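Hi,

Here is the structure I promised you. Have a look at it first, then read my notes below.

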Amino acid sequence: MDIFQQALSEIVGGRVLDVATQRGGFVRILSENLLSYTEIIGIDSSEEVLEAAQHGLHLDGIRFACMDASRMGFEDESFDTVAISASLHHLTDVVPVLWEMKRVLRKGGNLILAEMHRDGQTEAQLTFVHLHHWVAAVDSALGSVHNRTLARQEIVDHVEALELRHVRFHDSRDSDGDPMDESQIERLNALIDRTLQRAKAVSGYERFKQRGEELRRRLHAVGAQREPGIVIVGEK
Ligand SMILES: C[S@@+](CC[C@H](N)C(=O)[O-])C[C@H]1O[C@@H](n2cnc3c(N)ncnc32)[C@H](O)[C@@H]1O
């Protein structure tokens, strides 16, 4: 059973909020894996990514809104389920966003947090982690917020601070895929090319280029597998 199915399939979603939704990747996962939902609203602070979400996802009961997740324009306790995925390491400050998520969640509703982390990887997963951190460094040099991924314990500590009830942890290790899978290597090679292209605009390009080429050699030598992740579900 896949980790999202395991974590989500018994949750009656009701009115659902997906925070930092980007192109709505997690909205799709929620819509496919929750036991049910009446409505899913995806919010993001970037108009540009939301446009892609609006064009890419045409499902009943789904809509998007541009909003800063640390100051949401929703009433207290106005959602039955509140989710965030792959985004803690994209936030300027994680804590106010998590408390806002708790504020807009009704008592008894579920908070869902999915995040990749930097612990316990195989050599092939480390390729993915190093690549992710290198892309984050290029994004940061270009002015976006993209930090290194968190340690698993840091993620757990953030959730524990919210004092939720019945907290469930679902870990994915994903280390059974083929690290030398050709289509994945091709995709990551293309990611390195695109990132190098973007890095040309920043000072210190040579340093980024050198690291990118080191990572390309590593990719061909040991392959790559997705980073481990964790899905945490807890009740307010
Ligand atoms: C990696 S993407 C999210 C991926 C998406 N949740 C998924 O699972 O497919 C991170 C997103 O966080 C958004 N973001 C960063 N800070 C934010 C904030 N304060 N409020 C809302 N969105 C924010 C960025 O605009 C970006 O689209």
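How many of the seven residues of strand β7 (residues 229-235) are buried? Six of them, so to speak the strand is mostly covered. A residue is called buried if 20 or more other C-beta atoms, placed from the backbone, lie within 10 Å of its own. Strands here are DSSP runs of E with at least two residues, and helices are H or I runs of at least four, numbered from the N terminus.

Before going on: this is a predicted model, where local features need pLDDT of at least 70, side-chain atom pairs count only at pLDDT 80 or more, and totals for chains, interfaces and linings use all residues. Residues are numbered from 1 along each chain as its sequence is written.

Now the neighbours of β7. Strand β5 (residues 105-116) runs antiparallel to β7, joined by seven bridges, and Asn110 has Glu235 as its bridge partner. Strand β6 (residues 165-172) also pairs with β7 in the antiparallel sense, over six bridges, with Ser172 opposite Gly229. Strands count as paired if DSSP finds at least two bridges between them.

Zoom out and you get an open, mixed sheet of seven strands, ordered β3-β2-β1-β4-β5-β7-β6. Because β3 (62-66) and β6 stand at the edges with a single partner strand each, one side of each has no neighbour in the sheet.

Elsewhere in the sheet, β1 (residues 15-19) and β4 (residues 79-85) run parallel, joined by four bridges. Val19 in β1 is partnered with Ile84 in β4.

Enjoy!

Technical notes: Buried ≥ 20, exposed ≤ 12 C-beta atoms within 10 Å, placed from the backbone.
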